[in-house]
Amino acid sequence: MSLCTKQFASLSVTFIDPIEGRISVTGKEGDSLLELAHKHNIDLEGACGGELACSTCHVIMNPSWFEKALNTCPKGEEEEDMLDLAWGLCETSRLGCQVLLSAELDGLEVHIPDESESMLPP
């Protein structure tokens, strides 16, 4: 596969929303989960706009995907600090703004916790 082909290859992600159920979308390498959710009108808040200043884009991964995400997008101290503020925090929690799509994450599934929905007033 050439560099040009790889750069523009579609990568799939499934968001599992407690209300909407499974929502499968495609993105490109380098897209964050938050950007991808917003592009496809998926209810993942991201109140700070992806600036790592809130925890409203909190997602939960199963352990195998979590390990793959750590290998491609390591979790920094700032993300850990923001996750401490997240509702429903799990060992496999990440912030959607900090997980960038890559070939290794093609097929990724993430759960959107109930508590992450509608944290801002209407």
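Let's start at cysteine 73, which sits in the loop between helix H3 (63-72) and H4. Helices here are DSSP runs of H or I with at least four residues, strands are E runs of at least two, and both are numbered from the N terminus. With a relative accessibility of 8%, cysteine 73 counts as buried. That word means under 20% relative accessible area, while exposed means over 50% and partly exposed is in between (1.4 Å probe, protein chains only). Leaving aside residues up to four places away in sequence, cysteine 73 touches Arg94, Gln98, Val99 and Leu100; a contact means heavy atoms within 4.5 Å. Valine 99 is 26 residues away along the chain, and its C-alpha atom is separated from that of cysteine 73 by 5.9 Å.

Before going on, a word on what you're looking at. This is a predicted model, where local features need pLDDT of at least 70 and side-chain atom pairs count only at pLDDT 80 or more, while totals for chains, interfaces and linings use all residues. Residues are numbered from 1 along each chain as its sequence is written, and side-chain values use heavy atoms, with hydrogens and water left out.

Now step back to the whole chain. You'll find four helices and five strands, and from the N terminus on they run α-β-β-α-β-α-α-β-β. Of the 122 residues, 42% are buried. Take the contacts between residues at least 6 apart in sequence: 65% of them join residues at least 24 apart.

Next, the charged side chains. Side chains of opposite charge can pair when their charged atoms come close. The structure holds four salt bridges, a salt bridge being a side-chain nitrogen of Lys or Arg within 4 Å of a carboxyl oxygen of Asp or Glu. One of them joins glutamate 109 and arginine 22, at 2.5 Å from N to O. This pair links distant parts of the chain, with glutamate 109 in strand E5 (residues 108-111) and arginine 22 in strand E2 (residues 21-28), 87 residues apart. Glutamate 109 is partly exposed at 26% relative accessible area, whereas arginine 22, at 52%, counts as exposed.

Another salt bridge brings together lysine 28 and aspartate 31, at 3.1 Å from N to O. Here lysine 28 is partly exposed, with a relative accessible area of 43%, but aspartate 31 counts as buried at 10%. Then there's lysine 75 with glutamate 80, whose closest N and O atoms are 3.7 Å apart. Lysine 75 is partly exposed at 21%, and glutamate 80 is partly exposed at 37%.

Helix H4 (residues 77-83) is also where you'll find aspartate 81, a partly exposed residue with a relative accessible area of 42%.
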